[in-house]
Amino acid sequence: MTINVIAMSTSAHSPADTLPTAGTVTDRLVEANGKYAARFTDPGMDARPVLQVAVVACMDARLDLHAALGLELGDCHTIRNAGGVVTDDVIRSLTISQRALGTRSVVLIHHTGCGLESLTEEFRHELEMEVGQRPAWAVEAFRDVDQDVRQSMQRVRTSPFLVHTDDVRGFVFDVTTGLLREIDPAG
Ligand SMILES: [Zn+2]
């Protein structure tokens, strides 16, 4: 409950329009979808992204990928997780994106002030102590965002499953200015 109050107070929505009824936040989303669908017309697209690009980015709530990159509906695949880290599951999505759905370019986006910069792999150990089971996944915490973007680019470029690894570029999005800063893969 406390978490909800904090999240809403920092939201772009005014407190008055956060919960029009007494429902949960999901009820609010479903209500918004009803309005969206009422205005929606079938764009008649197939599943292949128009710009043949896949964007891998952090799940951060301050990063509006479509607005920040001038993307329209149908333009790209967006693959997001905590940190925008290139995990095995991101490689899975990129492989399907390239081999089944025709994308050729990969854009990687990390950002300033990422929550993963304040975590360490100790997070896993604490989790294990608490629940009695060690997670199979790494936290993928990092200290140097530029270096983490380089590592992510390297993971994409060296994946044996991908067919297009010549156009892979990495960036850091500044959540205070909205600007992308490109990372030189060579450092
Ligand atoms: Zn982040």
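Which residues have the most contacts inside the largest nonpolar core? Keep that question in mind while we get our bearings. What you are looking at is a predicted model, and we can walk through it one part at a time.

Let's begin with the overall plan. The protein has seven helices and five strands. Read from the N terminus, its elements follow the order α-α-α-β-α-β-α-β-α-α-β-β. There are 187 residues in the protein, and buried residues make up 21% of them. If you take the contacts between residues at least 6 apart in sequence, 64% of these join residues at least 24 apart.

Now back to the opening question. The largest nonpolar core has 27 residues, and the ones with the most contacts inside it are Ala 54, Val 56, Val 106, Leu 108 and Ile 109. Two or more residues of this core come from each of strand 1 (53-58), strand 2 (76-81), helix 5 (88-99), strand 3 (105-111), helix 7 (145-157) and strand 4 (168-173). Strand 1 gives the most, with five residues. To see what surrounds one of the core residues, find Leu 108. Setting aside its neighbours within four places in sequence, Leu 108 is in contact with Val 56, Gly 84, Val 149, Ser 152, Met 153, Gly 170 and Phe 171.

The five strands form an open sheet in the order 2-1-3-4-5, and the pairing is mixed. Strand 2 and strand 5 (180-183) are at the edges, where each has a single partner strand, so one side of each has no neighbour in the sheet. On average, neighbouring strands of the sheet are turned by 25° against each other, direction ignored.

Five of its six residues are buried, so strand 4 is largely enclosed by the rest of the structure. With strand 3, strand 4 pairs in the parallel sense over six bridges. Along this pairing, Val 107 stands opposite Arg 169 of strand 4, and His 111 has Phe 173 of strand 4 as its bridge partner. Strand 4 and strand 5 run antiparallel and are joined by four bridges. Here Phe 171 stands opposite Glu 182 in strand 5.

How many residues lie between the strands in the hairpin of strand 4 and strand 5? There are six, and in this hairpin Gly 178 takes a positive phi near 80°. Val 175 also lies in the loop between strand 4 and strand 5. Is Val 175 buried or partly exposed? Val 175 counts as partly exposed because it has 15 C-beta neighbours inside 10 Å, while a buried residue would need 20 or more. Leaving out residues up to four places away in sequence, Val 175 touches Arg 62, His 111, Thr 112 and Gly 113. Val 175 and Arg 62 are 113 residues apart in sequence, yet their C-alpha atoms are 6.6 Å apart in space.

The helices come next. Helix 5 lies across strand 1, strand 2 and strand 3, and it runs at about 175° to strand 2. Helix 7 lies across strand 3, strand 4 and strand 5, running at about 155° to strand 4.

Finally, look at two loop residues. Gln 52 is not a glycine, although it has a positive phi of about 50°. You will find Gln 52 in the loop between helix 3 and strand 1. Because Gln 52 has 18 C-beta neighbours inside 10 Å, it counts as partly exposed. Glu 140 is not a glycine either, although it has a positive phi of about 65°. Its place is in the loop between helix 6 (122-131) and helix 7. With 18 C-beta neighbours inside 10 Å, Glu 140 counts as partly exposed.

Notes
Residues are numbered from 1 along each chain as its sequence is written. This is a predicted model: local features need pLDDT of at least 70, side-chain atom pairs count only at pLDDT 80 or more; totals for chains, interfaces and linings use all residues. A nonpolar core is a set of buried Ala, Val, Leu, Ile, Met, Phe, Trp, Tyr and Cys residues joined through C-beta atoms within 7 Å. A residue is buried if 20 or more other C-beta atoms lie within 10 Å of its own, exposed if 12 or fewer, and partly exposed in between; C-beta atoms are placed from the backbone. Two residues are in contact if their C-beta atoms, placed from the backbone, lie within 7 Å. Two strands pair if DSSP finds at least two bridges between them. Axes are lines fitted to C-alpha atoms, for helices over the stretch in contact, and angles run from 0 to 180 degrees between N-to-C directions.
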